[in-house]
Amino acid sequence: MTQFPLVEPDIGRNRSLMTGQKITAEAIRAMKGRGERIAALTAYDFPMTRLLDEAGIPLILVGDSLGMVVLGYPDTTHVTLAEMEHHVRAVARAKPRALLAADLPYHSYQTVQDAVANAIRLVAAGADAVKAEGGREILPQIRAILDHGIPFFGHLGMLPQHVLEEGGYHVKGKNEPEHQALLADADTLVEAGAFAIVLELVAPRVAGEVTRRLPIPTIGIGAGPDCDGQILVTPDLLGLLPWYSLKHVKPRLNAAEQMRTVVQQWKEAVEKSHAS
Ligand code: KIV
């Protein structure tokens, strides 16, 4: 049987396949002080993680966008912790040099006990850090996760796990109460000890203000150019999901169309070939 050299046998469990030091949460935080922009992407499986790591992406997120872009759910509220663990394990097998963050999924951090137990499960599956959506309302959970030595990645602005209550994906920070709430939540995450914060669908002027105000990096998605970094859902960047389009992403590849063409050409070649 063919042996595929997927993982070099001499690579130890804690060593990266990429050369260089493993990137830590502290290293991501320090990029802001040096004025270095942070390009982050999502991954859900082994090969994509290797490709992103080989391309030098310093921060890889196993996002609960998994639910929509891989598992076919209508939104992220259907994603379970077991599904997240399964994909975190696959991603971690690539042993990326990048910091590997994973989302705590819907309803997995409603209490401090759940937040800690489930963050520990994601770390046991291979995550280096966890992300959860919200600010002041989840402060006890964030503190408890950090007290257990698990680096915490914040997420403010449009919170996809609240899409059903909110009735859609709406830009945040356009009015004064939302603007003030974002500033207060961002300050709370910094004081708690988050190493970075995703700002999703935040009015660009407010995202810029939050970015200038905070000592830790902001990583924007649909939040304008003035964040310390940007994150995208990788299949959106690659044009793998042609069934919808998003205002904040211009696909840089038409992977879906290229895949269809290659598959059709191969199918026709098989159908035309003769048995020898
Ligand atoms: O789930 C996800 O992929 C995310 C990113 C969009 C930041 O949270």
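Colleague: How many Å separate an oxygen atom of the ligand from an N or O atom in the side chain of Asp64?

Modeller: This is a predicted model. In it, 3.0 Å lies between a ligand oxygen atom and an N or O atom of the Asp64 side chain. A pair of N or O atoms counts as a polar contact within 3.5 Å. The ligand taken alone exposes 260 Å², of which the protein buries 95%.

Colleague: Which residues surround the ligand, and which pocket does the ligand take up?

Modeller: Among the surrounding residues are Thr42, Leu61, Gly63, Asp103, His155, Val198 and Ile221. The ligand takes up the space of the largest pocket.

Colleague: Which residues touch the most other members of the largest nonpolar core?

Modeller: In soluble globular proteins, nonpolar side chains tend to be buried together. Here the largest nonpolar core has 56 residues, and those touching the most other members are Leu122, Val130, Ile145, Phe152, Ile197 and Leu199. A second, separate core of 18 residues includes Ile23, Phe153, Ile219 and Ile231.

Colleague: What does Val130 contact beyond its neighbours within four places in sequence?

Modeller: Its contacts there include Ala102, Leu104, Ala119, Ile150 and Pro151.

Methods
Residues numbered from 1 in each chain as written. Predicted model: local features only at pLDDT ≥ 70, side-chain atom pairs only at ≥ 80, totals over all residues. Heavy atoms only, no water. Core = buried A, V, L, I, M, F, W, Y, C linked by side-chain atoms within 4.5 Å. Buried < 20%, exposed > 50% of the residue type's maximum accessible area, 1.4 Å probe, protein only. Contact = heavy atoms within 4.5 Å. Near = heavy atom within 4 Å. Polar contact = N/O pair within 3.5 Å; in protein donor to acceptor, adjacent residues only side chain to side chain. Areas by Shrake-Rupley, 256 points an atom, 1.4 Å probe, with all protein chains shown as cover. 1 Å grid on protein atoms, 1.4 Å probe; cavity = no way out; pocket = protein on both sides within 12 Å on 5 of 7 lines; lining within 4 Å. Sits in = over half its atoms within 2 Å of the grid points.
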